[in-house]
Every structure is written in C-alpha cells, then in structure tokens.
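Hi,

Here is the structure I promised to pass on. Have a look at it first, then read my notes below.

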Amino acid sequence: MSDDTTITTDTSTTHSAGFTATVPGVARIGANRELKRAVEAYWAGRIDAAALTRVATGIRRDNWSRLIDAGFDSVPVNTFSYYDQVLDTAVMLGALPPRVAAIDDPLDRYFAAARGTAGGPGPDIAPLEMTKWFDTNYHYLVPEIGPDTEFTLDPGAVLDEIAQAQAQGVPARPVVIGPITFLALAKAVDGGPAPLTRIDDLLPLYTDLLGRLAQTGVDWVQIDEPTLVTDQADGLTDLAERVYGVLSAVRTRPRILVQTYFGDTGDRLAALARTEVEGVGVDLVTGSPDTVRTADLTGKLVVAGVVDGRNVWRTDLDAALAALESLRAHAGALAVSTSCSTLHVPYTVRGEFELDPVLHGWLAFAEEKFGEVAALARALAHGRDDQACRFEAARAALASRAADPRVHVAAVRERLAGLTPADWTRSPAPDRREAQDAALGLPVLPTTTIGSYPQTVEIRKARLALRNGTIDSAAYRSRMEQEIAAVIALQEQVGLDVLVHGEPERNDMVQYFAEQLDGFFATAAGWVQSYGSRCVRPPILFGDVRRSSPMTVGWITYAQSLTEKPVKGMLTGPVTILAWSFVRDDQPLAETARQVALAIRDETTDLERAGVPIIQVDEPALRELLPLRTADRAAYLDWAVTAFRIATGGVGDATAIHTHLCYSEFGEVIGAIAALDADVTSIEAARSHMEVLDDLDAAGFAAQVGPGVYDIHSPRVPAADEMAASLREALDAVRADRLWVNPDCGLKTRRTDEVTAALRNMVDAARRVREEIAADRATVPAT
C-alpha cells in the first residue's frame, strides 16, 4: 500500500485514503491457458487434485507479480476460479444445490454443480443452469435458491488466497461478489420466493465474513455489485443504501470498496455515498463522470475505471486524464483503474508477431492496460509531463487509426446508404411455410442438430499442419471432406431428418468468418475465457466490413452431394459476430452491424443459388448485447432485428431460414425473437426445463421452434425417456406441427461417443412421441 495508508480494523478511525492504481480483477486461465489444460486433465483422471492445486497456485502468483510489476499499490485477490466466480460464491455461502450434497470430495462436488455427472456409481446429476454474465460473452452458473436453502459461511477459499498473497508480500484486497448481485443472479426453485427476498438471511454471513477478513489484517475488501448498474430488480437504490448501511456499520472490518461495472450507477451511487463505506468503484467508460460529480463522494475513495477493461484499443490518455482531473474536487481520493476486470481481454499483445505492425500499435490487452492505468495514476499525481512518452505514443496510435484507409471504405458506405425496408422484408410466414413444406417433405417433429460436431484430434492436427505449412490447402481440404463425409454418414445412421456438415473447417463460429471478411483480423494467442475451461479467441473488427468471396458454399454443397436428406447451410449472424469480437469504438454499433449483415446476406443468397434448401443464421448473442438499462433496449433491439433481416432477407420463400439462440433469459426479448421473422428458431431449454416455451406461448409466438431437449455443455448422455419427457413438456406449449427436436447447442466440445449415444436417444425419443401423437390422432373421431 501507499505510505500514508494505515491498516485498521476499527471503523471509528477509518479514513478514505487508500491506493492509487489497481484493477477490479484479472483473468485466471493463465497466460498460456494452463488452467484449461490442468482442469481438463483432472476431469480425465490424468492428474490429481494436488497437481491441479499447484497449477492454480502458480497462476495466482504470476498474476499478482504482473500487477506489482506494473506499479499497483492494491492487488485484487480471490478473483481466481477453477470454473466460475458465481459458483465460488455459492460455495462460500453454502448455496450449492442439494443434489450434489452426497459427493464427499469438495472439489468433485464443485465440478458436479458446474458440469453434472454421468456414468458414475451413483445417479446422474444435472448441472446448474448457465447464462451470460450481464452483457458480456462470459457465462456464469445460476445459483438455485429454494425455500429450504440454508445459507452458511465457508470463507476457506478467500482466506487461503489472502494467506498466499500475504506470504508473497502482495498488498492484497480480497474480492467477493456482493449479496445483492448474488441473489439477483440466482433463480428460485421448488416454489421458493424471489431470491432477493432472502437478503436479510445473507447479511449476517457477510458481517461474519468482514470480521474474518479483518483478522487477516487486510486493509480493504472489494465487494462487487454490478447489479447496481442495471434495472434487474425494483427498489435497487433503497436496497443498496440499506444493505451497505448495515455492512458499513460493522465495527471490526476492513474498509469497504463497493465495486460496480458495465454501466452507469445513476442514483445508486448517491445511495452508497450516504453509507459509511469508504470507497466506490465506477465504470467511466460506459458510465458518466457526471454521476460521480453529482454524488457526495468528498469523504470517499473513488476508484475511477477510465481504461476500458472489455475492449482492446489503446486508451486516449489525454481524455482519460482530463476525466480524472475533473473528479478531483468531487472525491476524497482518486485511484485509477480499468472499467471492469480484465477477465474479458487477452493477457498481452506481446507475442502477436503475425499482426500487421500498424494494427499492432493500436492495441492494448490486459498487460498493456495495466501500464496505461499506472501511467495515468502517475500523471494524476505528478503531472502529464511525468509520462510524456506514453501520452505521445497514445496520440500517435489514435492518429494512425483515424487515417488508415482500411477503416473507412467508400464502397461499403455507399451500399449501406442504398438499403430500403424492402431489402429486409420477406413474404408472409404462412406463404413461406407452404413453399418450404412442399420442398422439404419432413415428418412431424423433425430431428436435427445445431451445427457443429466434435472437433477431433485429427481435425486440430490438420489445422495445425496447414498453419505450419506441412500440408497445402488441397490436402487440408481433402482431410476436411473426409470429416464431413464421416459426419454425414453418422447422421444418416442415427436417423436424423435434417443434416449438417459438422463444421470441421471452422476453428470458431465467429473467427472463421472474421478471417474471410475485410475489416477484421485475428490474433494468434488472444485467448479469453467463455466458461469453465472453454476459451475463445475473439477476432478484432477494426474497419469497414465486406465479403470478397463465398465463405461456406463449397463445404455445404459437398456435404449435400453425399446425401438425399436436406443439409443446412450454417452461418453466424451479424449481432453474434459483433458480440463475440472486439469491435471498433469509433462509430455506432448499429452501423457496424449493418455492414456485417450485408456480408452475411451475400453468403445466404449464394447458398440459395447453389441449391441449399435450409440456411441457419445463428444469433445466440441476441440477448447478450441487450442494454442493462430498460430505457436503452428498444433502440438496440430495433437495429439488431434489422441487421438479422438484412442478412436473411435476400432469399426466396422456399428457402427456410433457421436461427439459434442459447443461454439467455429470453423473456425480455421474445418480441424481438418473433421480429427476426425466422422460419424455425432453435433455443436453449434443457437446463431451464422448457421454461422459455411458456414465454413464447404467452407472447403469441407462432413460428416453428426447436427447444433443446438435452444439454450439450455437460458430459451426461440423457436417456431417451428423459428427452421424450422434455418433448411432452414442450407439446404443452407448442403444437406438434411447429415443434422441432434438437440439442441445446452445437456439439463441438463433446466427444464423438457422447454425441452418437445422445443423438440416438434423441431420435428414439422423437420416434416415441411421434407414435403417441399418431395414436392420439387416430382416437379422435372424424368431424
């Protein structure tokens, strides 16, 4: 800590001075994805818990060293997780679901809640539901709170991390998810009330936790409350003041930093200011400095998130410093930070040797952002001249971006300007359904999959060989065609009605397209965590987007040549491409979405021209980008829907447009899902037990729908009986002639044996329910 900071556990003498440079949190996968490999090795039985612990200890040690080396005087700890920070909080609060209680080993119990179990000596265990962490592409596990949930404090993990950090000489600031956010993100089960009604049951645990943390000697505790930037629940302003009034009144405790991110806190910041908490963390990238200026924070530390923790562009240091200087008079003390945890960006730009040097100079990943935070803190304390070289480099990068001819392309902008509503309006849905039924001749409850099949070792080796130059493109194509032929044969053996080519040529459903579109570039090692051990490399969208040649037509037409059954063309939609990329920040997102939509439109029309009868344009991120404030949502949904319809509006009536959405609370976007005007919408429903269908039914959704009948994110292979039961549940809300049968999501992350067994059971379940429907119809007297 800085020299003027005294550690105290008696709030009667606590003051707001604290630290000057920090971040709310950091990535935990390891600079080379060490955690991914170790966790997956543990799951496979190749290493034991002690070996996994050693990897985790090393990752934490290395992360803390990076922050110390950057010059930070307060370091977040307890931001590490083996799988998910919300699941960790459920463990800390004794809120794991009862179905995992019989597992004696704590680590295996933890992973059972995350992934489920299958094939062991006991009964199969279903995992917790998974959904997106606010408006990011990170997935968290949804705690289940029932009427019998008894909260109990288990602070072992956080105390162990503090001990490790202190032994390393780290100025540790433990981080925990706050009680409001934890309950707001949970779901009620077994007839229990809304989880937020249990807030008073949690406050004694947090009070106890504060006392336990005080005993370790830490000066500050960070309590994360991102829910306070949302409209997720009524009365959040009053609740924030009440909860932190109680917690800040605890006499023996560390100083409390209430950390918010992903948006503007609005009047919740003033509510926190009225309590005795010593600090507040605010996102000033998506939020406004005016909120800080209008709240009375003159007695508190303000941790100002002026460096974007979610995107990869270098910071305008001049603008950031000006924002900081404007807050001096409105805060007791200022610390500089990123806007949120750097969990959402890659570790470092160093090592990206294949990047165009010009583009390279525009970027700042986590390590570079640490440097920006430290530079701003020093400039705030000692003047801009103290960091003159850094400021000049930032100005040069901004000027280079603005002048680069790839950023603004006249032909793209002229084409956009010529669009009219007629370009994204198709014939009425009933007319299209009649034409598609005649063309496809599918049975009731048609079976299909979402798109991808397992990415085998052989596929990865071929991709690596192509990249290393040990095989040429012709040999690579031959190997991928062998994989496609195997996937088509597998689907025909299983008995699926509509097939896919399996996507062996795709490293990722967004990156694959980004690598073929002008305006994007890909990184070599820009990995970020999506969920658990799943990591992705988001491409970087830096300039105007256009397609120069077909991207999928050859693969799909080859697959169709192998079978008489229809094969779906598989594309990723414009909103998802944006959501799962690092996107340019120099123009409105809506404009960028339309550029991407036009590129996808060119592909859909080429697929139709090649004779492909079904084209699936996936938009799993539709809900993900929904603004956290209600007032901003209508405008977003308008441009998101329009972008999808531009992408799909160029095909004829007989070509079926499918889309796929997954792992979201769909009730908030049901109207937009209908407005997409897709002919078939497949949707996550297995972990949530078909709950989404009630929302669809209540909204009068009339199109065809494929609710997922089993969860692909778990290694469980559900029995045919279980999937048939899910189909019967679905038929309570959806007529049989509108219902499709499919898994929740793509099968890329599963093993081939798991996929084969699960799909056989799925086809068997559909067959059984078809027979039941036929029998029911046969017993209905003719009228």
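Predicted model: local features only at pLDDT ≥ 70, side-chain atom pairs only at ≥ 80, totals over all residues.

Trp43 comes out as partly exposed because its relative accessibility is 25%. For these labels, buried means under 20% relative accessible area, exposed means over 50%, and partly exposed is in between, using a 1.4 Å probe and protein chains only.

Residues are numbered from 1 along each chain as its sequence is written, and side-chain values use heavy atoms, with hydrogens and water left out.

Back to the rings. The structure holds 16 aromatic pairs. The rings of Trp43 and Tyr83 have centres 6.2 Å apart and planes at 45 degrees, so this pair is tilted. Rings of Phe, Tyr and Trp (its six-membered ring) pair if their centres lie within 6.5 Å; planes under 30 degrees apart are stacked, over 60 edge-to-face, and the rest tilted. Trp43 belongs to helix 1 (residues 34-43) and Tyr83 to the loop between strand 1 (75-77) and helix 3 (85-92), so the pair links distant parts of the chain, 40 residues apart. Helices (H or I, at least four residues) and strands (E, at least two) are DSSP runs, numbered from the N terminus. Phe72 and Phe370 make an edge-to-face pair, 5.8 Å centre to centre with 75 degrees between the planes. Phe72 is in the loop between helix 2 (49-70) and strand 1, and Phe370 is in helix 13 (residues 366-382), so their pair ties together parts 298 residues apart in sequence. Both Phe72 and Phe370 are buried.

There is also a cluster: ring pairs link Tyr42, Trp43, Phe80, Tyr82, Tyr83, Tyr110 and Phe111.

**Charges over rings**

Arg33 lies over the face of Trp527, 3.8 Å from the ring centre, and Arg477 lies over the face of Trp555, at 4.1 Å. The test is that NZ of Lys or CZ of Arg is within 6 Å of the ring centre and within 35 degrees of the ring normal.

**A covered strand**

Now find strand 18 (residues 614-618), where five of its five residues are buried. In a regular strand, side chains alternate between the two faces of the sheet. Here Ile614, Gln616 and Asp618 point one way, and Ile615 and Val617 the other way.

Which strands does strand 18 pair with? Strand 16 (residues 568-572) pairs with it in the parallel sense over five bridges, and strand 19 (residues 656-661) runs parallel to it with three bridges. To count as paired, two strands need at least two bridges found by DSSP. Opposite Ile614 you'll see Lys568, and in strand 19 the bridge partner of Ile614 is Ala656.

**Two residues in loops**

Ser339 is in the loop between strand 11 (331-338) and helix 12 (357-360), and it is buried because its relative accessibility is 2%. Its side chain reaches the backbone nitrogen of Gly309 at 2.9 Å.

Thr275 sits in the loop between helix 9 (267-273) and strand 9 (279-283). Thr275 is buried too, at 4% relative accessible area, and its side chain reaches the backbone oxygen of Leu272 at 2.7 Å. Both of these are polar contacts, meaning a pair of N or O atoms within 3.5 Å; within protein, one must be able to donate a hydrogen and the other to accept it, and residues adjacent in sequence count only if both atoms are side-chain atoms.
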